[in-house]
Amino acid sequence: MSISSLGTRPRHSFQTDDPVLEPIAEKVQAGERLSFEDGLALYRSGDILAVGWMANLVRERLHGDLAFFNVNRHINPTNVCIASCRLCAFGRKKGSADTYTMALEEAWETAGKGLTEAVTEFHIVGGLHPDLPFEYFMDLVSGLKKRYPQVHIKAFTMVEVAFLAKRGKMSIVEALERMKAAGVDSCPGGGAEIFADRVRHIICDHKIDGSEWLETARLTHLAGLRSNATMLYGHIENDEDRVDHLLKLRAVQDETGGFQTFIPLSFHPENTALGHLPKSTGMMDIKQIAVSRLLLDNFAHIKSYWQMVTPKMAQISLRFGADDIDGTVIEEKIYHDAGASTPQGMRRQDLMRLITEAGRVPFERDTLYRAVTRDEASFTVAI
Ligand code: V47
């Protein structure tokens, strides 16, 4: 579906009790790009209905009433990780008691488990394992492709791509070519966290830095793979860090056009080294969605990931700038280790109900946002 093919539907008129928002609303209505200062003003405004009105205007301009979801499955091949990020409750040091690493046969078998509906996407992310060779990951992907050729493989965050290239003693470009040859179809958006060095040093010191993440994304797009982007919020970052993060993504997108979706991820502190921090609030979650929609004018989609923000909040987000609520997921581990209380998966019909009750029209998509049509347990993708 073309980003500009859906008509504008003027809805009521803009009203606010916050005068700072007036000039921003004029820009949004005229389709003009917002500045760093506009981003700060949006974050700092208490008038969430006015901010949401603007975000909804943009969302409806792009997608009308459509709300996207998919039928996907997460696979986390290992939780062994060298990075020891303070933000993370999932990764374990090699040799710790509760580590796991899937044998390839086990990963291939897991992929086919728990399916009540044919999945269209495998979402594969995992720890930075110090010993698994580059070939393990390529064999994992090619084995999945052989067994489930119809399923799109969205695998390896920018952090993993950079790590795997290093492990395989090759350039990032070469690693991307090998990934593509093995069957990787696109990349997920994780590992971006917050680009600002000051924050990154504290929450995820041993990962690639912000500029390396952005450069790896740029190379991924130039290699012909699309990817997503994320931002982890609700920890020790401030408004400036968030606006900076969003505008850096916008700049790469101006150059490559390779990002599909932006997903703000709310920090879950439980079982992490930042466990003393409070959880994000509803206002914070809704604000992230709306401000992202407004600043990322060159991103087609903003996803409110129901696993992170709860199904109820994801549903409301569909009226505050989001047009996507992710998918069935089936087996989420990363946030559940960090105390998420949401279910580890959701049925297709329940996702559709959330969307319909928000007054939107459910649109089952594949990973590349093409329409999926179903006939019981099989599906076809309209290209
Ligand atoms: O990069 C880790 C985050 C991300 C915690 O591309 C945490 O479609 C909150 O990126 N609290 C991985 N967040 C997940 C991810 C993702 C999820 C859904 C869809 C897509 C997509 C991508 O999870 C990590 C990190 O930012 N994370 N630990 C935590 N304690």
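Which helix lies across β1, β9 and β10? Helix α15 (residues 348-357) does, and it runs at about 165° to β1. The views below come from a predicted model, in which local features need pLDDT of at least 70 and side-chain atom pairs count only at pLDDT 80 or more, while totals for chains, interfaces and linings use all residues. Residues are numbered from 1 along each chain as its sequence is written, and side-chain values use heavy atoms, with hydrogens and water left out.

**View 1. The open sheet of three strands, in the order β9-β1-β10.** Helices (H or I, at least four residues) and strands (E, at least two) are DSSP runs, numbered from the N terminus. Pairing in this sheet is parallel; two strands pair if DSSP finds at least two bridges between them. β9 and β10 stand at the edges with a single partner strand each, so one side of each is left without a neighbour in the sheet. On average, neighbouring strands are turned by 25° against each other, direction ignored. Such angles run from 0 to 180 degrees between N-to-C directions, and axes are lines fitted to C-alpha atoms, for helices over the stretch in contact.

View 2. Four bridges join β1 to strand β10 (residues 361-364) in the parallel sense.

**View 3. The packing of helix α6 (residues 158-167) on helix α9 (residues 210-222).** Two packed helices are described by the angle between their axes and the distance between the axes. Here the angle is about 85° and the axes are 9 Å apart. That makes α6 roughly perpendicular to α9; angles under 35 degrees count as roughly parallel, over 145 as roughly antiparallel, 65 to 115 as roughly perpendicular and the rest as oblique. Met 158, Val 159, Val 161 and Ala 162 of α6 meet Trp 213, Thr 216, Ala 217 and Thr 220 of α9, contact being heavy atoms within 4.5 Å. The residues of this contact divide into six nonpolar, two polar and no charged. In this division Ala, Val, Leu, Ile, Met, Phe, Trp, Tyr, Cys and Pro count as nonpolar, Asp, Glu, Lys and Arg as charged, and the others, Gly among them, as polar.

**View 4. The surroundings of α6.** Eight of the 10 residues of α6 are buried, including Glu 160, Phe 163 and Leu 164. The buried residues pack against α5 (134-147), α7 (172-182), β5 (186-187), α9 and β6 (226-233). Just after α6, Lys 169 takes a positive phi of about 55°.

**View 5. Cysteines in a structure with zero disulfides.** A disulfide is a pair of cysteine sulfur atoms within 2.5 Å. Cys 85 is in no disulfide, and the nearest cysteine sulfur, that of Cys 204, is 5.1 Å away. Cys 85 counts as buried at 11% relative accessibility. For Cys 187, the closest cysteine sulfur is in Cys 81 at 17 Å, too far for a bond. Cys 187 is also buried, at 1% relative accessibility.

**View 6. Cys 88 in the loop between β2 (72-75) and α4 (104-111).** At 27% relative accessibility, Cys 88 is partly exposed. Leaving aside neighbours within four places in sequence, Cys 88 is in contact with Asn 271 and Thr 272. Cys 88 and Ala 181 are 93 residues apart in sequence and, C-alpha to C-alpha, 31 Å apart in space.

**View 7. His 245 in helix α10 (residues 239-256).** His 245 is buried, with a relative accessible area of 0%. Not counting residues up to four places away in sequence, His 245 touches Ala 192, Glu 193, Ile 194, Phe 195, Thr 230 and Met 231.

Technical notes. Buried < 20%, exposed > 50% of the residue type's maximum accessible area, 1.4 Å probe, protein only.
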